[in-house]
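Please read the points below with the structure open beside you. They go through the model piece by piece.

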Amino acid sequence: MEQSNALPGTGPIPTLLALLVCESVIHDAETQKKTLVGLFGKLSAFALPVLINSIGLYAKLVEGAGKYAFKIRVVSLADESVLFEISQMGDWVQPELPLEFGVNIRGLPINSFGDYEFQLFANDIYLGRAVFSVDKLTLPLAPPPGPGEG
Amino acid sequence: MAPMLAQAPPDVQLSKSFEVKGDPRGHSLKTLWGGSFAHSLRPEQILLGTLGNLGFRFIKPIIVQLENREGVVVASWPEVDEFGTGTSMSSATEDLGRTVAELYCSLKADQANLGPDLERVWLKLQEHVVSRR
């Protein structure tokens, strides 16, 4: 017998198939297609604090149905402090189809180098994460002047 | 003439952009459309809805207790006396997920011969998780 994963008062627990970090998620309104621009796992910066001009998150889920309160958090893995949190209601009207969405964040402030992650929750249930790191950018030292130079 | 491509089904209208406003060094940052900076640390418990393994589907979330023991994050599921460890909530729950998946497979393979304690654990696992295989 097929078991239902329905919770009292909520929809079934979705399964997260993909959670990807990129520079930007472009959503075509006509076809509903998503284009992920600049997938990455590491950013580099000369100095802190730094603002990430554009960072996007793409998620694809299956096996859900009904209304969900989705929550996305950006967390520093150094101390698990929450840098950013957004909640958004979603209505999964076609359970037989996957649900996908993209979120773009402009100007995310980063105060320390290290690892960060996006965490995805549905109705406060943790579904998964996507990790990225922010590293210090150091330029290679200039070569010493050759004979007869400078 | 080339055939028209079928239009993809509309999805949930979640795709949005958020702009962070304020001083990045301050603690009073606000975002447009309701995003916020909570600056909270790791919670003491979470509802876990994944084992990090597509071979399993969740029926009911697991209430996972989180604690820090000498710099290591421990994610435990007291009802089945299992735990995972890591450097963060996420890595500890991933470790717990692997442990629970292994436990599920071993109990399933031996379910005809389980003693009372393991039988109780097996029943508890099936309340929360179902195997796709």
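**Notes on the model**

1. In the hairpin formed by strand 6 of chain A and strand 7 of chain A, 5 residues lie between the strands, and E80(A) takes a positive phi near 60°. Strands (E, at least two residues) and helices (H or I, at least four) are DSSP runs, numbered from the N terminus. Strands count as paired if DSSP finds at least two bridges between them. V74(A) stands opposite F84(A) in strand 7 of chain A.

2. This is a predicted model, in which local features need pLDDT of at least 70 and side-chain atom pairs count only at pLDDT 80 or more, while totals for chains, interfaces and linings use all residues. Residues are numbered from 1 along each chain as its sequence is written, and chains are lettered from A and ligands numbered from 1 in the order in which they are written.

3. The predictor gives the complex an ipTM of 0.84 and a pTM of 0.83. For chain B, pLDDT (the predictor's confidence in each residue, from 0 to 100) averages 80, and 70% of the residues score at least 70. It stays under 50 over residues 1-13 of chain B and also over residues 21-39 of chain B. Where pLDDT is low, the predicted coordinates should not be read in detail.

4. Which strands pair with strand 3 of chain B? Strand 11 (residues 125-136) of chain A pairs with strand 3 of chain B in the parallel sense over 2 bridges, and Y126(A) has L48(B) as its bridge partner. Strand 5 (residues 62-69) of chain B runs antiparallel to strand 3 of chain B and is joined to it by 4 bridges; here Q45(B) is partnered with Q65(B).

5. The largest nonpolar core has 53 residues, and L57(A), A59(A), F118(A) and L120(A) have the most contacts inside it. Such a core is a set of buried Ala, Val, Leu, Ile, Met, Phe, Trp, Tyr and Cys residues joined through C-beta atoms within 7 Å.

6. Helix 1 (residues 89-109) of chain B has 21 residues, so at 1.5 Å a residue it should span 30 Å; its end C-alpha atoms are 30 Å apart, which agrees. The expected span is 1.5 Å times one less than the number of residues. Among the buried residues of this helix are M89(B), L96(B), V100(B) and Y104(B).

Conventions:
A residue is buried if 20 or more other C-beta atoms lie within 10 Å of its own, exposed if 12 or fewer, and partly exposed in between; C-beta atoms are placed from the backbone. Two residues are in contact if their C-beta atoms, placed from the backbone, lie within 7 Å.
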